[in-house]
Amino acid sequence: MSVSEILFVVAGALLGLAFQGGMFLFLIPFAVVAFSLAVMNRPNSPNTSVIPVIKRDKRSTALTPVVSPDIRNEFTNDVKLETNEPNSSLRVNQIWSRANSDVDKTFGDILRCLRLLMPDANTFTIFTNGGSPNEFRLRAFQSDVQNFIDSSAKITENTGILSQLLRPGVSRILEGDLLVSKRLPYYIENRRIRSLIGVPLLDRDERRLGAILVDSLRPNAFKEPEAQALTFMSHVMYMLSFKSFVSAQNYIEQQQFSVLYRYQRKFFQTMTVKDIYKQMFEYVKENMPFDRLTILALDNPKECSGRVVYCVGMDSEQFVDKKFTLSDKGIFVLALMRNRPVFRSFTSGYADYVPRLNDSEKRNMELRQLFVMPVASEPDAKTAELAICLESRYTNRYQDHEKKLLKAFAGVAGFAYARARQVEKDKDLATRDGLTGLMNHRSLQEALRTEKVRADRKKYNIGVLMMDIDHFKSVNDTYGHPVGDEVIKGIATAISGEIRKEIDVVARYGGEEFVVALVDTTPEGMIETAERIRKAVGKLEFNVHLTDPLRVTVSIGAFLVKPEFSDMKKAVNNADQALYKAKDGGRNQVVRFETVETGTVGD
């Protein structure tokens with residue numbers, strides 16, 4: 001016989017003596033202690049003995065139960081599920097499910113023990129909170145008539161004598177000669193119940209979480225000792241349930257902070273801003289339940305504008321890549337602009353809706369709670385650079401634990417984001433022209449080599465254009481270098497507007513020289529693009545505080561790099577030779593190397 005079985009026998013013997021009444025009533029506390037020890041020392045099954053770390057299965061669509069971290073709802077029947085909860089390495093729903101299984105096993109053991117100690121009883125039931133303070137639902141039962149028990153039974157304010165257990169101040173029901181005109185709600189058929197005893201399940205703050213009910217077909221089957229014993233049992237049930245759920249909660253929190261530490265290490269291995277966005281998304285997806293997750297980035301601080309870099313969940317399609325400015329009135333934008341967390345719950349009314357980005361968005365009335373955590377490179381910054389926005393269908397979804405966890409993560413993410421931006425800025429200073437923002441001479445050579453390798457693999461041409469601003473020295477000498485700088489910047493913008501931004505390459509090659517590499521083009525396409533650039537520059541006007549604005553032109557040399565041609569440096573030199581021919585031929589024209597094809601001078 002195991003230790004648990006011995007303790008159950010001792011508890012039963014003590015309760016049996018206590019039910020005799022009189023001087024034996026003092027044995028009830030000792031019986032409850034023995035029973036508690038028996039439950040805690042019972043053999044654990046392999047499925048419920050420990051809560052293991054579950055490896056992530058990418059194919060799973062496991063959902064996380066909504067369980068309040070303050071453990072007020074440990075008796076709840078319903079396990080609410082987040083509809084868009086992504087896979088989690090912790091499988092939080094499985095942890096809560098196993099905690100629930102432990103509680104169910106404890107309840108079953110309690111009822112079996114009571115059945116042995118109260119042979120005159122007919123049915124033993126445990127009701128627990130059904131999601132409403134005025135409703136209990138059947139959680140567990142033991143009965144001589146198992147097939148006649150309604151497993152969906154409820155106790156509400158309209159269930160006769162049982163509804164007393166919902167009322168504050170009622171500590172028990174004890175009826176010894178009951179004439180029931182209406183059957184008890186947990187029986188499918190009416191039974192002549194003559195005795196009934198019931199006590200509420202209370203937490204430490206005397207809040208009602210459920211009830212224990214025992215009935216009998218015999219009159220006067222229960223007396224005061226049974227009522228006291230059930231009251232003690234209800235205390236045991238609460239403490240054991242509390243212990244089970246607190247253990248699960250502590251395990252989840254411990255593992256989530258462990259994951260946070262691992263992401264800290266990842267952040268310091270990451271150098272790009274895009275990687276920071278991605279890792280923020282992955283972390284929140286793995287550790288936070290939500291029905292919609294949105295991440296905002298203020299990626300253009302000078303213009304006070306940004307965009308949504310990630311959005312998944314309900315109606316996410318309306319937010320993906322959407323742009324915003326700090327003047328927008330959405331609550332997400334407000335949290336980012338003020339660098340303050342925002343926590344809001346909403347009712348079901350349409351008028352209660354608060355825009356997330358702006359008034360033009362679709363209103364989703366199912367999302368009842370939101371939690372926005374700004375992410376700033378400096379904690380006391382006036383405006384944050386990023387914002388993590390969580391939304392849920394449940395009004396009590398986000399509690400202190402989620403707030404603390406996300407705040408700790410935001411601090412790490414903000415530091416990593418600032419570091420990544422500085423790294424990219426330093427890289428741009430080394431590879432970009434400071435005046436125009438285009439590639440510089442050094443980075444152009446590397447880009448040309450990369451594009452040539454890709455062109456050789458896919459067997460396509462690259463068109464190389466070398467261009468020079470006509471009479472630029474006289475512009476500097478006449479109007480000064482500040483005007484010259486404005487001319488260079490204006491022409492850089494014009495060139496960029498005539499090429500494929502994500503495909504072609506453009507660089508400032510020298511003082512007033514630019515190089516463009518047209519990827520996967522034809523001879524005709526190369527000359528057509530060169531002409532568009534020449535005409536776009538010719539339309540530019542620069543204000544020099546004179547009657548007429550300043551206009552400039554460019555000369556362009558072109559060379560087509562075919563797959564059999566391998567030397568990109570020579571390709572640039574060939575385009576440069578064609579450029580000289582364009583200048584010698586009168587400027588403001590396009591000349592192709594070797595074939596000496598000349599474009600039309602002027603518009």
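Five strands form an open sheet in the order β16-β17-β15-β18-β19, and their pairing is mixed. The edge strands are β16 (505-508) and β19 (590-592), each of which pairs on one side only. On average, neighbouring strands of this sheet are turned by 20° against each other, direction ignored. The model is predicted.

**Helices on the sheet**

- Helix α8, residues 441-458, packs on the sheet.
- Helix α8 touches β15 (462-469), β16, β17 (513-519) and β18.
- The direction of α8 makes about 160° with that of β16.
- Helix α10, residues 481-497, also packs on the sheet.
- The contacts of α10 are with β15, β16, β17 and β18.
- The direction of α10 makes about 10° with that of β17.

**The β18-β19 pairing**

- Strand β18 covers residues 554-561 and pairs with β19 in the parallel sense.
- Three bridges make up this pairing.
- Ala 558 stands opposite Arg 592, a residue of β19.

**Met 288**

- Met 288 sits in a loop. That loop runs between α5 (273-287) and β9 (292-300).
- Met 288 counts as buried because its relative accessibility is 1%, and the cut-off for buried is under 20%.
- Met 288 and Tyr 398 are 110 residues apart along the chain. Their C-alpha atoms are separated by 9.3 Å.

Technical notes
Residues numbered from 1 in each chain as written. Predicted model: local features only at pLDDT ≥ 70, side-chain atom pairs only at ≥ 80, totals over all residues. Heavy atoms only, no water. Pairing = 2+ DSSP bridges. Helix = DSSP H or I, 4+ residues; strand = E, 2+ residues; numbered from the N terminus. Axes fitted to C-alpha atoms, helices over the stretch in contact; angles between N-to-C directions. Contact = heavy atoms within 4.5 Å. Buried < 20%, exposed > 50% of the residue type's maximum accessible area, 1.4 Å probe, protein only.
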